[in-house]
Amino acid sequence: MNNDLLFDFNVDKTAKTVYITREFNAGQSLVWDAFTKAELLDQWGAPAPMRAKTKYMNFEVGGRRFYAMVSPDGQERWAVQEFTSITPKTNFKMYNAFADKDENRELPGSEWDYNFSEQNGITKVHITIYNESFERLEKLLEGFKIGFAMTLKNLEDLLASLS
Amino acid sequence: MKQDIFQAIADPTRRAILTLIAIQALTPNAMAEKFDMTRQAVSKHIKVLHECELIKPEPSGREIYYHFNAKKMQEFDHWLAQFRQNWETQFNQLDQLLTTIKEQKQ
């Protein structure tokens, strides 16, 4: 669909870190908004048929986004993102942890670092995810499992390309 | 507590042990010899690797040989592939959203 746009996904198991790079056919300002405004995040921030639902979001240093991944049958998996550093339009960092519906966090969580840059109208986003433990990283996926049956074929292709 | 696979792989000695026994199953004594470590140090690493199922013991006579459990590592890779797939799906959704917003602005 967007074969001309870069998508890189690398895992350094020994450093417990995931590196993701993706290009978008839009200006940096718009892409920044899509990653930092709740009303936009909720439109793409969960893989279909899951959807994202933000209860509130204070995008400022020390502020939080409290949101859920909602499955088609209405199950909710809540999480808290706490913003630890913001350089408008170019970088933000956050600490992500799962939580119950009353916003009690299950620590430890994971550290996320987002970088944005633009060249010739194409915006590149670099994401670094550091996890102290694989079991925690594994939980990142827990809420997503429903959609997998549909994407099994894609997964097979992907595994073939990875091996 | 059950050992975490990330923690298990993060240690260079344990990675070396895995690399070695992926080629050939070894007894703890043989590992100690190859890595020039005490039997006690080897036992600690074996415990961690065994608890997260990266290695499997198989008794042979009076000795225990440890085998590499490739299936566990595949599970891990499989999980990562799913994680990647999720991101791909989400980013494709974002492509569509960006296109919609840009069209609205025109």
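This tour moves from an overview of chain A to selected helices and a strand of chain B.

The model is predicted, and local features are given only at pLDDT of at least 70, side-chain atom pairs count only at pLDDT 80 or more, and totals for chains, interfaces and linings use all residues. Residues are numbered from 1 along each chain as its sequence is written, while chains are lettered from A and ligands numbered from 1 in the order in which they are written.

**Chain A**

Select chain A, which contains 4 helices and 8 strands; helices (H or I, at least four residues) and strands (E, at least two) are DSSP runs numbered from the N terminus. From the N terminus on, the order of elements is β-β-α-α-β-β-β-β-β-β-α-α. Of its 163 residues, 24% count as buried. A residue is buried if 20 or more other C-beta atoms lie within 10 Å of its own, exposed if 12 or fewer, and partly exposed in between, with C-beta atoms placed from the backbone.

**Chain B, residues 28–35 and 39–51**

Next, select helices α3 (residues 28–35) and α4 (residues 39–51) of chain B, whose axes come within 9 Å and cross at roughly 115 degrees. Axes are lines fitted to C-alpha atoms, for helices over the stretch in contact, and angles run from 0 to 180 degrees between N-to-C directions. α3(B) and α4(B) are therefore roughly perpendicular to each other (under 35 degrees is roughly parallel, over 145 roughly antiparallel, 65 to 115 roughly perpendicular and the rest oblique). To display the contact, show B:Pro28, B:Asn29, B:Met31 and B:Ala32 of α3(B) with B:Arg39, B:Val42, B:Ser43 and B:Ile46 of α4(B); two residues are in contact if their C-beta atoms, placed from the backbone, lie within 7 Å.

**B:Ile64**

Move to B:Ile64, in strand β2 (residues 63–68) of chain B. B:Ile64 counts as partly exposed because it has 15 C-beta neighbours inside 10 Å. Leaving aside residues up to four places away in sequence, B:Ile64 touches B:Thr27, B:Pro57 and B:Pro59. The C-alpha atoms of B:Ile64 and B:Asn29, 35 residues apart along the chain, are separated by 9.6 Å.

**Chain B, residues 70–105**

Finally, select helix α5 (residues 70–105) of chain B, which has 36 residues. Its buried residues include B:Phe83, B:Leu94 and B:Leu98.

Technical notes
Expected span 1.5 Å × (residues − 1).
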